[in-house]
Amino acid sequence: MPAHFDTLETRSPAEREAALFAALPGLIAHARAHGAAWARRLADIDPATITSRAALARVPVLRKHDLMEQQQAARAAGGDPFAGLATIGWRGLLRERGARRVFQSPGPIYEPEGYATDYWRSARALVAAGFEAGDLVHNAFSYHLTPGAWIMEAGAQAIGCTVFPAGVGNTEQQLAAIADLRPVGYTGTPSFLRILAEKAEAAGTRLPIRKALVSGEAFPPSLRDWLAERGIAAYQAYATADVGLIAYETSAREGLVVDEGVILEIVRPGTGDPVPDGEVGEVVVTVLNPDYPLIRFGTGDLSAVLPGPCPTGRTNTRIRGWLGRADQTTKIKGMFVHPTQVAEVVRRHAEVRRARLVVSGRMADDRMTLRVETDAPSEALQRALQESLRAVTKLHGEVELLAVGTLPNDGKVIEDARVYD
C-alpha cells in the first residue's frame with residue numbers, strides 16, 4: 001500500500017508555497033478572460049501582483065450566499081446558470097470547453113464538472129485512508145442531483161479501484177450486494193455505514209468492509225471507535241460540492257491535511273482578514289481549477305490551523321476539522337445583525353484587537369453587549385464604541401472592555417446567549 005498519493009505531499013512548505021503562488025496569477029488571468037463575473041469582480045486586480053498571501057488577502061471573499069444570489073439573478077435574467085463564475089459550459093454557454101456534468105446542490109446552486117481525471121481531487125484522501133488499486137469500493141453517496149458520489153467515484157477510479165454505485169437508501173438491497181460482492185472499501189456518510197453494520201450484526205454477520213472514507217456530516221471519535229471495534233478503519237474527508245476536496249484525515253488522526261490543489265486561509269468571520277495560526281475563523285479557499293476557478297471562496301465553515309507537520313510525513317498545513325458555521329447572523333429586537341457589522345465597528349477603532357457581540361436576555365427583552373479586547377482601555381474608547389455600535393446596527397448596546405486574550409478562541413463574532421422559556 002503506498003504511503004502517499006504522490007511526492008507533492010512531502011515537498012518542503014517553502015517549495016509548496018512558491019509553486020502555488022507561481023500558478024495563482026495565471027489562474028486569475030484565466031478567470032478574468034473566460035468568466036464574465038470574474039472579469040467584473042477582479043477588474044481592479046492585476047493578476048501578476050497576486051504572488052503572496054498578503055496580496056491574495058486584498059482580493060474580496062466570495063461567500064456561498066453571494067454565489068447563490070448571483071446564480072439566481074443570472075438565471076432570472078435568462079443568462080448563464082453559473083453566473084459567469086465558471087469558464088466551461090455547454091452549447092450556447094461554451095467558452096473554450098464543455099462540461100462533463102452539471103450538478104444541483106441545495107439553494108439551488110449549480111456546479112459544473114470538467115473532464116480532468118480526478119476532477120474533485122479525492123484520490124489523495126482515499127490513499128490516505130488506505131485505499132489502493134484493485135479494491136472494490138461500495139459508494140453509498142447519492143448519485144442523484146448532487147456531486148457527492150461522483151466526487152468519490154472519480155478519485156477511486158483514478159487510483160485503480162472498482163466502484164459499486166450503491167447510492168442511498170434500499171438498505172436491505174445494499175446489504176445483499178455487500179454479501180455477494182464483499183467490497184473491502186466504503187465511501188459515504190458515517191451514519192449510513194453504522195446502519196449497515198448494525199443491520200448486518202442483527203442478521204448474525206459482519207460487514208466485509210475494512211476501510212472507509214466518510215464525509216457529509218460530523219464524524220465523532222465515538223463513532224470512529226465503534227467502527228474500529230468492528231474492524232473498519234474509517235477516515236474523514238472535508239469536501240464541498242463547489243470546491244471538491246479541501247482537507248483529509250490521515251492515519252496520524254491529528255487534524256486534517258490540506259489538499260495540494262488548494263490555497264487555504266482562515267479569516268475572521270464577516271471579513272476577509274486572515275487570523276493568526278491557531279485562532280478559529282472561517283475557512284476560505286482558492287482552488288487551482290481552471291474550469292471553476294473559485295478564488296477566495298468563503299465556505300462558511302469554521303476551523304483553525306494546527307501547528308507543525310503531520311506525523312505521516314505530509315508537510316502541508318493541517319486544520320482542526322469542522323468547528324461550526326461562520327454565518328452567525330442574529331435577529332435582535334426585530335432587526336438582523338450580521339458579523340460584517342461587528343467587523344465594521346472594529347474597523348473604525350484601531351485600539352480594538354478582537355470583539356464579540358453577546359446577545360442576552362429573555363424573549364422580547366433583548367440586550368446586546370459588545371465585548372472588546374484592547375490593550376488601551378479608556379472611557380473615551382468605550383463611549384466611541386457605543387456610538388459606532390449604534391451607528392452601524394441602529395441598535396443600542398453596552399460595551400465591555402477586556403484584556404487581550406480574554407475572549408474564547410471559538411470563531412464566534414456574535415453569541416446568542418438569550419434564554420427562551
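**Sheet, helices and salt bridges**

Mentor: Start with the open sheet: 4 strands in the order β22-β21-β20-β23, with mixed pairing. Strands pair here if DSSP finds at least two bridges between them. Helices (H or I, at least four residues) and strands (E, at least two) are DSSP runs, numbered from the N terminus. Keep in mind that this is a predicted model: local features need pLDDT of at least 70, side-chain atom pairs count only at pLDDT 80 or more, and totals for chains, interfaces and linings use all residues. Residues are numbered from 1 along each chain as its sequence is written, and side-chain values use heavy atoms, with hydrogens and water left out.

Trainee: Which are the edge strands?

Mentor: β22 (398-402) and β23 (414-416). Each pairs on one side only.

Trainee: What does the twist average from one strand to the next?

Mentor: It averages 20°. Axes are lines fitted to C-alpha atoms, for helices over the stretch in contact, and angles run from 0 to 180 degrees between N-to-C directions.

Trainee: In which sense do β20 and β23 pair?

Mentor: Parallel, over 3 bridges, with β20 covering residues 352-360. Valine 359 has aspartate 416 in β23 as its bridge partner.

Trainee: Which strands does α10 lie across?

Mentor: Helix α10 (residues 339-347) lies across β20, β21 (367-374) and β23. It runs at about 135° to β20. Helix α11 (residues 379-393) lies across β20, β21 and β22, and its angle to β22 is about 135°.

Trainee: Where is histidine 349?

Mentor: In the loop between α10 and β20. Histidine 349 has 10% relative accessibility, so it counts as buried. The cut-offs: buried is under 20% relative accessible area, exposed over 50%, partly exposed in between (1.4 Å probe, protein chains only).

Trainee: What does histidine 349 touch?

Mentor: Leu381, Ala384, Leu385 and Ser388, not counting residues up to four places away in sequence. Contact means heavy atoms within 4.5 Å.

Trainee: And serine 388, buried or exposed?

Mentor: Serine 388 is buried, with a relative accessible area of 8%. Serine 388 sits in helix α11. Setting aside neighbours within four places in sequence, serine 388 contacts Val345, Arg348 and His349.

Trainee: Which residue meets arginine 348 in a salt bridge?

Mentor: Glutamate 344, at 3.0 Å, N to O. A salt bridge here is a side-chain nitrogen of Lys or Arg within 4 Å of a carboxyl oxygen of Asp or Glu. Glutamate 344 is partly exposed at 22% relative accessible area. Arginine 348 is partly exposed too, at 43%.

Trainee: How many salt bridges does a search of the whole structure find?

Mentor: 33. One of them joins arginine 16 and glutamate 260, with the closest N and O atoms 2.8 Å apart. That pair links distant parts of the chain, 244 residues apart. Arginine 16 is in helix α1 (residues 13-34), and glutamate 260 is in the loop between β12 (256-258) and β13 (262-267).

Trainee: Are those two buried or exposed?

Mentor: Arginine 16 counts as buried at 3% relative accessibility. Glutamate 260 counts as buried at 5%.

Trainee: What about glutamate 201, which residue is its salt bridge partner?

Mentor: Arginine 230, with the closest N and O atoms 2.6 Å apart. Glutamate 201 lies in helix α8 (residues 190-202) and arginine 230 in the loop between α9 (221-228) and β10 (233-240), so the pair ties together parts that are 29 residues apart in sequence. Glutamate 201 is partly exposed at 32% relative accessibility, while arginine 230 is buried at 16%.

Trainee: Changing topic: which residues are buried in α4?

Mentor: Leu67, Gln71 and Ala74. Seen down the axis of α4, the buried residues fall within an arc of 65°, so they line one face of the helix. The arc is that of the directions from the helix axis to the C-beta atoms.

Trainee: Why one face, in general terms?

Mentor: An α-helix has 3.6 residues a turn, so residues three or four places apart point the same way.

Trainee: What covers the buried residues of α4?

Mentor: The cover includes β1 (62-63), β5 (109-113) and β15 (297-303).

Trainee: And what follows α4?

Mentor: Glycine 78, whose phi is positive, near 75°.
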